[in-house]
Amino acid sequence: GANFIYNSLQVQLRKQMAKGGLISASYTWSKARTDASTYSEQPLNSYNARADWGPSNYNRNQIFVFSYVYPLPFWQNGQEWYKKVLGGWQVSGITQIQSGLPVNVTLQGDVAGIGITGTDRPNISGSVYQSGGGTQFLNPAAFATPPLGTFGNLGRNAIFGPGTNNWDASLQKGFPLGERVHLDFRAEFYDFPNHLSYSSISTTVGSSNFGQVTGATDPRTLEFALRLSF
């Protein structure tokens, strides 16, 4: 028995261009709130299930996606060698920018005395985010262990982790080789600006790396493909 509420504003703009071009942009502003994000998830305090009410662990408040397909307009026709080689290419890609996922900050041990370790949440005071940038994302001084036998005042999934942005692009062209044979070339660039986004942080108060970044998205990856159709 869990409760779940999802509200959102979803907007999309799509434009079909001449000669096969396409531009699409979408934006979602949403909030998913629940007291159990997964099957058989137990409340921290069985006498106060409402204390676990908060963002779901897969909630992203804002998501922006931009995609495009653009046939390059020059040298699409012609028998000169440079027009055959340099003309007729198509550029496409997708960009996704989104806010961070919630993180559930917990304490070591069983401070509340409920018989389960590693699930208690701390007290907070002041700004939870570390100023100055770098890989120290959370401010350790803002988190404190509550008195024994009590629960902390930090809500479940009340803190949001770093946002992410990803830019993928591709370049492709077809080469006719006679009437029945066709060669397609495609170059794909994943995260082509080579911009890493933080993907995870340490969330256990008292650990040596608490609040520090522990993972990031993949660096730039290139893939090339040739397809022969006959």
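Colleague: In the hairpin of E1 and E2, how many residues lie between the strands, and which residue takes a positive phi?
Modeller: Five residues lie between the two strands, and Lys19 takes a positive phi near 65°. This is a predicted model, in which local features need pLDDT of at least 70 and side-chain atom pairs count only at pLDDT 80 or more, while totals for chains, interfaces and linings use all residues. Residues are numbered from 1 along each chain as its sequence is written, and side-chain values use heavy atoms, without hydrogens and water.

Colleague: What makes E1 and E2 a pair?
Modeller: Two strands (DSSP runs of E, at least two residues) pair if DSSP finds at least two bridges between them; strand E1 (residues 4-16) and strand E2 (residues 22-34) have 13 bridges in the antiparallel sense, so they count as paired. Tyr6, for instance, has Ala32 in E2 as its bridge partner.

Colleague: How many helices and strands does the protein have?
Modeller: The protein has one helix (a DSSP run of H or I, at least four residues) and 16 strands.

Colleague: What share of the 230 residues is buried?
Modeller: Buried residues (under 20% relative accessible area, with a 1.4 Å probe and protein chains only) make up 31% of the 230 residues.

Terms used
Buried < 20%, exposed > 50% of the residue type's maximum accessible area, 1.4 Å probe, protein only.
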